[in-house]
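Here are a few friendly notes to read with the picture open beside you. Take the points one at a time and look up each residue as you go.

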Amino acid sequence: MVILPAIDIQNRQCVRLVKGDFATAHQVAADPLATAAAFKAAGARWIHMVDLDGAREGRRVNADIFIEVAKQTGLKVELGGGIRDMETLDYYFENGISRCILGSVALKNPALVKQAVEKYGHRIAVGIDAKDGMVATEGWLDVSTVSYLDLAREMEKIGVQVIIFTDISRDGTLTGPNLDQLKALRSAVGCHIIASGGIRELSNITDCKEAELYGAICGKSLYSGTLDLAEAVTAAETEVDRMALEQYLDKQPLCPAIIQEADTGEVLMLGYMNAVSLQKTVESGDTWYWSRSRSCYWHKGESSGHFQKVLSIRSDCDKDTLLIKVKQIGPACHTGAHSCFFRTIKEEN
């Protein structure tokens, strides 16, 4: 699981809000770049940043700060706030931002989300913020009559792979994440789920990891000292997050990967990975392969929508074969069969 320390920017300062109320904004750090560098030193690989001014005004306001953090620290920057058109998305991705969050437009302009996902794939996340289970928009100023689960299902249908869910009533309160709603969301869609809001202590991190979430955003807990970032990163990371990927490919440039459905144990397919595709798999949470027939990288599900959400990656004793457990979305085989292993040569006695 990925830990994403948070930096929210308002009036060019690092601030935190309570329950999304702009009137509660208070400065929590002196300098965004120095704060981000400290997060990296503690072991973070990603950082979650929000342009609060942009969220209110519906345009990019503090763009130079986010771009400088990405450039100077080398952290992968996940950015939200005021991103409401393709021009803004293009600008941020061209300037080093790793993932952009579409919030209000997910409800108001799903066609834009679809266009963005078609162009940028897993680099697009949808932020679903809810009060009492209903989606809130416009910097949490307006509450709709749409259920967060219904919106998530609609987003999955148009290809969204990453959802950031915030229970606004928990945000900035240090009362723990809303695990019931997060687990309901995890069951409702096959998207990667990132928890946001309420995380206080290390037990909250382990709870999110046990719920098989993709990531957790930590803000006030880090600034108030109730959570140690280095400890959180260590507790959240799996063995595959820590392993030197090249050691699994030192015997051969291509490593066979057996893909197994986590829920049933059924073997779904066999693919091949090299160092780059394995790295892409680890970083994105979806399977990437090297196609031997086409001599190119292959993102499983990119054209069909039948993604494989990675839950674990293991190596055999000789470090020359991978076993990857996934949540399979749709059939795994190009024939439409759930598993590629559907031809019977010999029945069990």
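1. How many aromatic pairs does the count come to? Keep in mind that this is a predicted model. The count comes to six aromatic pairs. One of them joins tyrosine 91 and tyrosine 92, whose ring centres are 5.7 Å apart, with 65° between the planes. That pair is edge-to-face because angles over 60 degrees are counted that way.

2. Tyrosine 91 has 28% relative accessibility, so it counts as partly exposed. Tyrosine 92 has 0% relative accessibility, so this residue counts as buried.

3. Another aromatic pair is made by tyrosine 289 and tryptophan 298. Their rings are tilted, with 40° between the planes and 5.0 Å from centre to centre. Are these two partners buried, exposed or partly exposed? Tyrosine 289 is buried, at a relative accessible area of 0%, while tryptophan 298 is partly exposed at 28% relative accessibility.

4. Which residue lies over the face of tyrosine 91? It is arginine 60, at 3.8 Å from the ring centre. You can find a charge over a ring elsewhere too: the charged end of lysine 280 sits over tryptophan 288, 4.5 Å from the centre of that ring.

5. Which residues make a nonpolar surface patch of about 340 Å²? The patch is made by Ile258, Val267, Leu270 and Phe341. To place one of its members, look for phenylalanine 341 in the segment after strand 18, a strand that spans 322-328. Phenylalanine 341 has a relative accessible area of 54%, and it is called exposed because that value is over 50%.

6. Finally, here are two backbone details to check. Asparagine 11 is not a glycine, yet it has a positive phi of about 55°. Where is asparagine 11 found? Look in the loop between strand 1 (2-10) and strand 2 (13-18). With 59% relative accessibility, asparagine 11 counts as exposed.

7. Lysine 319 also has a positive phi, of about 55°, although it is not a glycine. This lysine lies in the loop between strand 17 (308-315) and strand 18. Is lysine 319 buried, exposed or partly exposed? It counts as partly exposed, at 34% relative accessibility.

Note on methods. Residues numbered from 1 in each chain as written. Predicted model: local features only at pLDDT ≥ 70, side-chain atom pairs only at ≥ 80, totals over all residues. Heavy atoms only, no water. Phe/Tyr/Trp six-rings, centres within 6.5 Å; stacked < 30°, edge-to-face > 60°. Buried < 20%, exposed > 50% of the residue type's maximum accessible area, 1.4 Å probe, protein only. Lys NZ or Arg CZ within 6 Å of the ring centre and 35° of its normal. Patch = residues over 30% accessible without salt bridge, like charges linked within 9 Å, V, L, I, M, F, W, Y side chains within 5 Å. Areas by Shrake-Rupley, 256 points an atom, 1.4 Å probe, with all protein chains shown as cover. Salt bridge = Lys/Arg side-chain N within 4 Å of Asp/Glu carboxyl O. Helix = DSSP H or I, 4+ residues; strand = E, 2+ residues; numbered from the N terminus.
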